[in-house]
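Please read them with the structure open beside the text.

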Amino acid sequence: LTALGEYLYITDNFRLIDVSLPSLTGGNLVFYRNNMQKLSLSALTIPEVLDINDNNGLAELSLPALAATTSFLRISSNTALVNVSLPALTSTGTYLDISFNDNLASLSLPALNTTGAYLSITDNNALSSLDLPALTS
């Protein structure tokens, strides 16, 4: 699978622990209420929507090729999430929301320089390292 016509929803799969879509480059992606421990989207570059929400087994999230989103990026309520690395992300469309990840200690967005109307990094109670060196608007 390299492209989507519309949305890919992977939701409410409580025994799902590993999701790998190594060739997918874009689309509208929603990962909601799964127990996944691993999410591999190594080729994902410019999705319209990327929503990673309420996946309680996910501890690490690295999206090395993600360059932008045209609508929104939300990483929220992933209780085991400790580290988020988005090294190539330069811009987001309407909004970027990283919130309610109780164990998130490190967030690295070294290339992010512009966001849409809304940027929210809230209620990540363990957050001790935030890297946004290129953010200008």
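**Notes on the model**

1. Leaving aside neighbours within four places in sequence, Thr115 is in contact (heavy atoms within 4.5 Å) with Thr92, Gly93, Leu135 and Ser137. Thr115 lies in the loop that connects β10 (106–108) to β11 (118–122), where helices (H or I, at least four residues) and strands (E, at least two) are DSSP runs numbered from the N terminus. Its relative accessible area is 16%, so Thr115 counts as buried, given that buried means under 20% relative accessible area, exposed over 50%, and partly exposed in between, with a 1.4 Å probe and protein chains only.

2. A word on the basis of these notes: this is a predicted model, in which local features need pLDDT of at least 70 and side-chain atom pairs count only at pLDDT 80 or more, while totals for chains, interfaces and linings use all residues. Residues are numbered from 1 along each chain as its sequence is written, and side-chain values use heavy atoms, with hydrogens and water left out.

3. The secondary structure of the chain comes to zero helices and 12 strands. With 137 residues, a compact globule would have a radius of gyration near 14 Å, and the chain, at 14 Å, agrees with this; the radius is taken over C-alpha atoms, and the globule rule is 2.2 Å times the number of residues to the power 0.38. Along the principal axes, the C-alpha atoms fill a box of roughly 40 × 30 × 20 Å.

4. Of the 137 residues of the chain, 41% count as buried. The accessible surface comes to about 6,200 Å², and 51% of it belongs to carbon and sulfur atoms; accessible areas come from the Shrake-Rupley method with a 1.4 Å probe, and for residues only the protein chains shown count as cover. Among contacts between residues at least 6 apart in sequence, 15% join residues at least 24 apart.

5. The covered face of β1 holds Leu8 and Ile10, whereas the uncovered one holds Tyr7, Tyr9 and Thr11. For β9 and β11, the pairing is likewise parallel and runs over five bridges, with Tyr118 in β11 as the bridge partner of Tyr95.

6. A further open sheet has four strands in the order β6-β8-β10-β12, again with parallel pairing. Here β6 (60–62) and β12 (129–131) are the edge strands, each pairing on one side only, and neighbouring strands are turned by 5° against each other on average, direction ignored. Three bridges join β10 to β12, which run parallel, and the bridge partner of Leu107 in β12 is Leu130.

7. Which residues touch the most other members of the largest nonpolar core? Of its 29 residues, they are Phe31, Leu39, Leu50 and Leu86, a nonpolar core being a set of buried Ala, Val, Leu, Ile, Met, Phe, Trp, Tyr and Cys residues joined through side-chain atoms within 4.5 Å. At least two residues of this core come from each of β1 (7–11), β3 (28–32), β5 (49–53), β7 (72–76) and β9 (95–99). Not counting residues up to four places away in sequence, Phe31 touches residues including Ile10, Val19, Leu21, Met36, Leu39 and Leu50.

8. Phe100, in the loop between β9 and β10, has a phi near 55°, a positive value in a residue other than glycine, and Phe100 is partly exposed, with a relative accessible area of 42%. Asp123, in the loop between β11 and β12, also has a positive phi near 55°, and its relative accessible area of 42% makes Asp123 partly exposed.

Note on methods:
Two strands pair if DSSP finds at least two bridges between them. Axes are lines fitted to C-alpha atoms, for helices over the stretch in contact, and angles run from 0 to 180 degrees between N-to-C directions.
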